[in-house]
Amino acid sequence: PQQRLLLERGYEALHCASLRRASLAASALGVFVGIGANDWQTVLAHSPAGRSVYAATGGSLSIASGRLSFVLGMQGPCVSYDTACSSALVAHHGALRALQQDEADGALVAGVSVMLLPRVAASFALAGMTSATGRCRTFDAGADGMVRSEAFSCAVLASGPQRFAVQGSSVRQDGKSASLTAPNGRAQQVLLKAALADAGLLAPALSCLEAHGTGTPLGDPIEVGAVAAALLSDRGQEEPLLISSMKANLGHAEPAAGAVGLLKLAATLGVATAPPNAQLRVLNPHVNAALSGLPASLSVQPCSVCSLDPTAPAVAGGVSSFGYSGTLAHAALASQRQGPLLLADQPVAYRRRRFPWLSSPAARQSKAAAPAELFATAWVKHPGALGRKGARSQERWLLCAPPGAELHSGGMARVTPPQCRAGGAASRREWHGWAFVVHSTSGACWSSAPLFDLLGLAQLAAEQQIPLVVLTRGAKQPLALTPAAATACWASGGACSFVCALQVERPRLPVATIDLGVGTDLSVALAAVGPAGDSPAEAHFAWRGSRACVPRLRRATRQPSRAGREPGLSGAQWVTGGLGGLGLRAAALLVECGAATVCLSSRRGARGGREVGAELASLRTRAEVRILPCEAGAVAETTAALQGLASERAPLECVLHAAGVSSDAMLHNLDASRLHAVLAPKAAGAWALHCGLMTAAPRQLLLFSSLASLLGNTGQANYAGANGSLDAAARSRAAAGLVALSLQLPFVSGSGMGAVELERGGPPRHPHAAFVISRDEFAACLRPQLTSTAAALLAVLRGGGLRGDTHRGVTPRLMAELVDTAELVGGRAAEDLVSGPFASKVRRLAAPAQLAYVEQELLSVVRRLAGAEAEHVLATTPFMEAGIDSLAATELAARVGELSGLRLQPTLIFDHPTPRALAAHLVTRVSGSAAAAAAAEAEPPQRRADVF
């Protein structure tokens, strides 16, 4: 909106200055804009328009000035200024200097401020900067703050005789004052004197002053005191200085305030009349004291403006603008005595286009989103030929294993993790890659040591670009039921998910996982990964004997409860992390299913915000709710809490492990403390529950895992590893005949850590944004799992999110059997794109009419994108001639993709250079018929002779 105002009103100002568009092209006319508010950028981030390639330029402050120069072809200096409230007058100072130093033939000076969101106003109100009464009472005893306002003002500066002359200007800084935003009276005095010196004027030459005057009890007296010292001490009593401020009339336009004051001063000098001080009822006693006995007037009636010297050719005045950043500006303006000011009475007409608001992502999701579904990970036989046809690896791999790790390495060189890290640089020259063995050295106790070793190796491998393969046992299918094997399984699961995150964050780093079975030949398994140095096509393997398996997601059937009906609960239930958003929603579900007692544990105890208190109060009206202060990762505290619950009459039925924190960091910034902080509540907490429940028999142990464990995510290797340990814990317990289910959850809007991500503007930019579910969908997925024993690990995904580009434009192979499910179009696999209204309509048409319909739809998109001269765009006009440059090509691909449902690349304008050729391509993609392409090739594109 601010850029549109600059285009419209900026050109109007140039037009009123008798400058025509033809004369502006290639001229040295400069553009100087004061601008600071950027609400539009935040609006874009939460709007469908934020996905447009124009979102970056449309919300940029630097582009605000550059766009006007671009549209009109002007080549003079072009600058956007942001010094807070003084921005526009500082921009005016820059324009004046450019003219004086012959850097520009002329200059457009503008200030713009548009308010679209209440965020800044709320922060100003909390800081006590704004008026509680909604009135800017400049110089009044009741002044209690400013009133924010919107404005756009602009003026054209040019050399030579003009009706108004800028006599001089100055910019200074508060420097060290009482606080960062507090004014400095001495600095203001220096500013006023410097501006007069630049103008070559004495203080008595000024007839009127447009003061900054924000109506604050501190700022107004300080400003008036500076005026008294700098401008009034040598002034005679014959003609008082007329002081007023436009902010009492229009409010504080912040970055545009200086331009508003400049135009108001010009109008005052032009009609030789100073307007009254609006809102002034009782003079501020501090202002009164500063002006006592001095020749100044704060009139509440219009006053005549005249010069002390009747023979002087001009009447001068000054305008001040002070930024709360501390940057101060003042300009002196003079009006030539040439009769009354004539204002233009011919309004400029605009050819306006409406820009309707699009529905928000949440609204679109509620209308058309696919339902949340449950998926299970199946390990299927590798679909293709293995690396080097399953031969033994001839590459030299360095086996990195902790002491005590038993592995048939076939004579491979072996070192410990510290030794491997110490020789990292040499390893790249001597070895093709590292094979890291995940092994728990803690016996029957869970340990995070393998993940700490993996972190150190991964950081060095990423730095040196060393291929890394993580070797596990029992991560995907527990091989033994001993306690030691269980702990190894938990650590292995965490390592595999850690690698999933690395693949997303470091796509060029060759990294893979291999879960070894009994009798697996290690060299054959390493050969299956592919040549070291290449990113493997399949990155996760589970070997069972001589057979290699890879993971694939499968839709899970509805999980029946143990009783064959919806869960009916009557005993005690326990939710760890119970005061978090997901914990409270899960507790509400337990109560809905009949739970009489719900225990909510939290390391903070009963502390929580207002919303937590409201939800707890609602729960307590329907069931007994207890708050247990318990550290999730502390085995002793968890065991004591379980013993306390066991002493109750009601048996413990369901335990829901929802505790968890996030501490995101990119791999190179991830340290041991961040890794431990995330592992402790999730993985260590699950181990504490596992140990404490060995003597109990709950109906269900539900572990709240995350999609980060399954799909990985940038900056969340620690979080993925912690959740991977939960997944492995559920598999390990299930193999031992114990109840457990790990639920891999996506972001839940309004709850949990996902709420923070979504408030940052996560969708649609976050890679998991397509899978976001609501709190009610979360509860619906959770309900049947309260007593289900059919699976140990399930993922919650929104089916519609399985289309297309989930991670960096590439659909994970994990989802290969869900996307492109062998539906054929023209002998090729369909792209899950043929179900939309566009494709349906194309197929209903006869072959000749298909091309005509798609061509017209495409032309309307191109014409809207090309702009004012779009009517000249024909079906045979090359895109380049239509004005579709590289940036517009990206936007064209996005818009056509949204229309058709196809995934398109910006390079399509090179492969299909005209709308007709592209339309034929779309018809072929949708219908599978090549007839449209042949018809398009029959007519050559229309080209001009000067286009190569």
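Reply: Taking contacts between residues at least 6 apart in sequence, 78% of them join residues at least 24 apart. Bear in mind that this is a predicted model. The protein has 948 residues, and 52% of those count as buried.

Now for the helix. α27 covers residues 775-782, and Cys781 sits in it. Is Cys781 buried or exposed? Cys781 is buried, because its relative accessible area is 9%, and the cut-off for buried is under 20%. Setting aside the residues within four places in sequence, Cys781 touches Ala372, Leu374 and Val796. As for Ala795, it is 14 residues from Cys781 along the chain, and the two C-alpha atoms are 10.0 Å apart in space.

α27 also has a helix partner, α19 (residues 581-592): the two pack at an angle of about 55°, with their axes 10 Å apart. That angle makes α19 oblique to α27, and the crossing is right-handed. On the α19 side, the contact is made by Gly581, Leu582, Arg585, Ala586 and Leu589. α27 brings Arg775, Asp776, Phe778, Ala779 and Leu782 to the contact. Sorted by type, the residues where α19 meets α27 come out as six nonpolar, one polar and three charged.

Take Leu454 as an example: not counting residues up to four places away in sequence, Leu454 touches Phe436, Leu468, Val470, Ala495 and Phe498.

One more helix is worth a look for its burial: α18 (residues 522-529). Eight of its eight residues are buried, so α18 is largely enclosed by the rest of the structure. Among those buried residues are Leu522, Val524, Leu526 and Val529, and Ser523 is buried too. What do the buried residues of α18 pack against? They pack against the strands β14 (397-400), β16 (433-437), β17 (468-473), β18 (511-516) and β19 (540-544).

Key: Residues numbered from 1 in each chain as written. Predicted model: local features only at pLDDT ≥ 70, side-chain atom pairs only at ≥ 80, totals over all residues. Heavy atoms only, no water. Contact = heavy atoms within 4.5 Å. Helix = DSSP H or I, 4+ residues; strand = E, 2+ residues; numbered from the N terminus. Buried < 20%, exposed > 50% of the residue type's maximum accessible area, 1.4 Å probe, protein only. Axes fitted to C-alpha atoms, helices over the stretch in contact; angles between N-to-C directions. Parallel < 35°, antiparallel > 145°, perpendicular 65-115°, else oblique. Left-handed = near helix turned anticlockwise from the far one by under 90°. Nonpolar A, V, L, I, M, F, W, Y, C, P; charged D, E, K, R; others polar.
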